[in-house]
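Please open the model in your viewer and keep the sequence panel beside it. The tour below moves from one selection to the next and says what is found at each.

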Amino acid sequence: PEAFAFERCCAVVMDEFHCFNDADRGIVWEMTLGFLPKHIKTLLLSATVGNSIEFLSWLRRSHGRNLELVQGTERKVPL
């Protein structure tokens, strides 16, 4: 917190969020979410997140935030 003032920040966008499931890199994503002040809104983007309902439930319990899952099945570019 002393390295960055969050007073002027209202949201954080995290792309490629499926990296959260990576054993080596996932802790960085988790710590980032954990250290964000409560007033910061988050937008977590990924085309391939598995267990999204369970993840949403964990994030809701861990951070006490009202969250909404937005998902779709249409892909503009195939994987």
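How many cavities of 30 Å³ or more does the count come to? By the rule used here, the count comes to one. A cavity is a set of points, on a 1 Å grid over the protein atoms alone, where a 1.4 Å probe fits but cannot get out, whereas a pocket is an open set with protein on both sides within 12 Å along at least five of seven lines; lining residues have an atom within 4 Å of a point. Grid points are joined across faces, edges and corners, and a volume is the space filled by probe spheres set on the points.

Before selecting anything, note that this is a predicted model, in which local features need pLDDT of at least 70 and side-chain atom pairs count only at pLDDT 80 or more, while totals for chains, interfaces and linings use all residues. Residues are numbered from 1 along each chain as its sequence is written, and side-chain values use heavy atoms, with hydrogens and water left out.

Select Leu33, Thr42, Leu59, His63 and Arg65, which line the largest cavity. Its volume is about 30 Å³, and its lining divides into two nonpolar, two polar and one charged residue; here Ala, Val, Leu, Ile, Met, Phe, Trp, Tyr, Cys and Pro count as nonpolar, Asp, Glu, Lys and Arg as charged, and the others, Gly among them, as polar.

Next, turn to the largest pocket, which holds about 940 Å³ of space. It is lined by 34 residues, of which Leu44, Leu45, Ser46, Leu69 and Val70 are the closest to its centre. The elements that give two or more residues to this lining are β2 (41–44) and α2, where helices (H or I, at least four residues) and strands (E, at least two) are DSSP runs numbered from the N terminus. By class, the pocket lining has 15 nonpolar, 12 polar and seven charged residues.

Now select Ser52, which lies in helix α2. Ser52 counts as buried, at 17% relative accessibility; buried means under 20% relative accessible area, exposed over 50% and partly exposed in between, with a 1.4 Å probe and protein chains only. Leaving aside neighbours within four places in sequence, Ser52 is in contact (heavy atoms within 4.5 Å) with Leu69 and Gln71.

Finally, show the rings of Phe17, Trp29, Phe55 and Trp58, which ring pairs link into a cluster. Rings of Phe, Tyr and Trp (its six-membered ring) pair if their centres lie within 6.5 Å; planes under 30 degrees apart count as stacked, over 60 as edge-to-face and the rest as tilted. The structure holds three aromatic pairs. Phe17 and Trp29 form an edge-to-face pair, 5.2 Å centre to centre and with 85° between the planes. Because Phe17 lies in the loop between β1 and α1 and Trp29 in helix α1, this pair ties together parts that are 12 residues apart in sequence. Phe17 is buried at 4% relative accessibility.
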